Amino acid sequence: MRTAYRVETVRNAERELMARLPEGTLMRRAAAGLAATCAGLLRDRRGRVSGARVVLLVGSGDNGGDALYAGALLAGRSARVSVVRLAPARTHAAGLAALLDAGGRIADATDTPADAVVAGADLVLDGITGIGGHGGLRPEAVPLVRAARASGAVVVAVDLPSGVTADSGEVAGEAVRADVTVTFGTYKPGLLIDPAREHAGVLRLVDIGLGPLLPPVPDLEVLQHADVARLLPEPAGESDKYRRGVIGIVAGSARYPGAAVLAVAGALRGGAGAVRYVGPGGDAVIARFPETLVHEGPPSKAGRVQAWAVGPGLGDEPGTAEPLASDVLASDVPVLVDADGLRLLDAATVRARSAPTLLTPHAGEAAALLGVPREEVEAGRLAAVRELASRYGATVLLKGSTTLIATPDPTAPVRVNPTGTPWLATAGSGDILSGLAGSLLATGLPTHDAAAAAAYLHGLAARLKSRGAPVSALDVADGLPAAWRNVRGEA
Ligand SMILES: NC(=O)C1=CN([C@@H]2O[C@H](COP(=O)(O)OP(=O)(O)OC[C@H]3O[C@@H](n4cnc5c(N)ncnc54)[C@H](OP(=O)(O)O)[C@@H]3O)[C@@H](O)[C@H]2O)[C@@H](O)CC1
Ligand SMILES: [K+]
């Protein structure tokens with residue numbers, strides 16, 4: 001599992017560690033890891049480090065210090081290293097001295113404009129701001145950062161791309177776009193959540209000895225194959241279909257019968273022993289999946305289920321979606337609410353439920369629930385998912401370029417789903433996810449585990465099926481068994 005911690009927590013751990021070590025040890029460790037990564041990138045690019053042109057963009061804090069010490073190490077290997085200081089009077093003095101000693105030069109006090117110096121680089125090291133930065137890049141940094149991007153140099157961010165918000169993944173104004181980010185001690189939330197994540201490129205974590213001093217519960221966690229494999233249900237020899245769990249799907253409408261088929265397609269691959277379908281799409285469902293148990297009356301009369309998934313394609317006709325959703329929410333089993341089911345959702349009703357609720361909005365639906373513009377949710381995904389979970393007393397899976405899962409407990413880590421492909425943004429793929437997550441809920445997984453395992457398998461199935469090409473929602477459903485095996489290391 002990958003974990004991320006907020007700046008305040010990182011600083012506390014760093015302070016404790018620094019008190020036990022000789023001065024400067026942490027920065028030297030950070031710089032050594034940074035220089036090793038840069039050397040590897042330069043070897044990949046031009047075969048050797050010697051003679052490579054490296055430009056350091058150095059701000060006024062310790063982030064610049066890291067860049068300067070790493071620059072000194074590269075200069076010691078005969079790279080041609082120049083530093084452009086953004087705040088010459090406040091540059092890390094010992095780092096600058098080390099660089100100059102090793103043969104580096106100052107480029108901001110010459111006749112050549114700094115952006116021209118940057119334009120000639122093989123590698124640009126962004127040491128403008130790290131965890132001490134606030135707000136986007138300041139105006140004097142913008143032309144330099146644009147020149148770095150335009151030059152074709154490899155851009156390596158030190159700890160974080162400068163200009164992104166470490167704790168939230170927000171980007172206020174302009175920020176560095178890195179090819180690689182070398183981060184120290186632990187990941188920070190901004191490296192894992194869009195829009196900042198997009199600025200970070202490939203992530204490398206350098207161990208500076210912080211691990212034992214970080215608290216056991218992180219702010220974010222990113223599950224990986226082994227974590228998801230542990231969550232997936234495994235039928236015991238004596239399991240019959242009822243013991244494996246029955247999922248009830250309430251989806252589709254005269255206008256959107258396909259949503260019923262897609263939600264059932266997801267549910268059939270989620271491990272439940274049987275899928276019950278309730279709604280007007282029964283004929284279409286049976287035609288495609290004859291193993292489904294279909295029912296036309298209200299969900300409460302459909303027979304026993306261990307979980308419900310309600311919402312995909314229910315439509316917005318008054319008098320149809322609402323009674324179905326209300327009936328399901330009145331049940332005493334876990335309920336997943338998606339799409340049209342979210343439209344009329346009342347926080348008090350959800351909070352009063354006796355069993356857990358899982359909401360699976362995309363940014364637009366989340367914005368409607370919160371009463372804010374969609375752009376606000378997209379810019380601040382972490383705050384939005386936390387706020388929704390707290391307001392509704394529910395687990396919330398916020399879909400999108402980085403899918404986030406929050407529980408109502410504000411001290412519990414938010415999960416970030418690492419799988420997926422941009423091709424997954426396709427009609428009906430959310431319906432598959434609803435069925436799949438509902439099915440995992442019916443097998444007895446806790447809500448946040450069902451949500452995390454479903455998002456992971458769904459994104460992986462899309463990736464396996466897509467391999468760079470467009471995928472349809474049904475392709476994703478078809479890819480789920482392979483994703484399941486892949487997670488368990490069986491394929
Ligand atoms: N602590 C440790 O043990 C270790 C720390 N390490 C390293 O230190 C980094 C943290 O260093 P830090 O605390 O000095 O802050 P840092 O990120 O350099 O920036 C703060 C400076 O920037 C300025 N500034 C702020 N916003 C700005 C903006 N938008 N645009 C431009 N300038 C802006 C602000 O000054 P201001 O102008 O706001 O007064 C302030 O002077 C950390 O990320 C890691 O790289 C590693 O070596 C491992 C060991
Ligand atoms: K940086």
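Ala, Val, Leu, Ile, Met, Phe, Trp, Tyr, Cys and Pro count here as nonpolar, Asp, Glu, Lys and Arg as charged, and the others, Gly among them, as polar. What you're looking at is a predicted model, where local features need pLDDT of at least 70 and side-chain atom pairs count only at pLDDT 80 or more, while totals for chains, interfaces and linings use all residues. Residues are numbered from 1 along each chain as its sequence is written, with chains lettered from A and ligands numbered from 1 in the order in which they are written.

Let's start with the whole chain. It has 19 helices and 18 strands, these being DSSP runs numbered from the N terminus (helices are H or I, at least four residues; strands are E, at least two). Along its principal axes the C-alpha trace spans about 80 × 45 × 40 Å. For 491 residues, a compact globule would have a radius of gyration near 23 Å, and the chain's 26 Å agrees with that. The radius is taken over C-alpha atoms, and the globule rule is 2.2 Å times the number of residues to the power 0.38.

Now to ligand 1. Its shell holds 26 residues, and G61, D62, N63, G130 and G132 are the closest; a residue is in if its C-beta atom, placed from the backbone, lies within 6 Å. Helices α1 (7-20), α2 (25-46) and α3 (62-75) each put in at least two residues, and α3 gives the largest share, with 4.

The axes of α14 (residues 363-370) and α16 (residues 381-392) come within 11 Å and cross at roughly 55°. Axes are lines fitted to C-alpha atoms, for helices over the stretch in contact, and angles run from 0 to 180 degrees between N-to-C directions. That makes α14 and α16 oblique to each other, since angles under 35 degrees count as roughly parallel, over 145 as roughly antiparallel, 65 to 115 as roughly perpendicular and the rest as oblique. A366, L369 and L370 of α14 make the contact with A384, E387 and L388 of α16 (C-beta atoms, placed from the backbone, within 7 Å). These divide into 5 nonpolar, no polar and 1 charged.

The other pair is α17 (residues 429-442) and α19 (residues 473-487), whose axes come within 8 Å and cross at roughly 35°. Here S429, D431, I432 and L436 in α17 meet A473, V476, A477 and L480 in α19. By class, that contact has 6 nonpolar, 1 polar and 1 charged residues.

Conventions
Contact = placed C-beta atoms within 7 Å.
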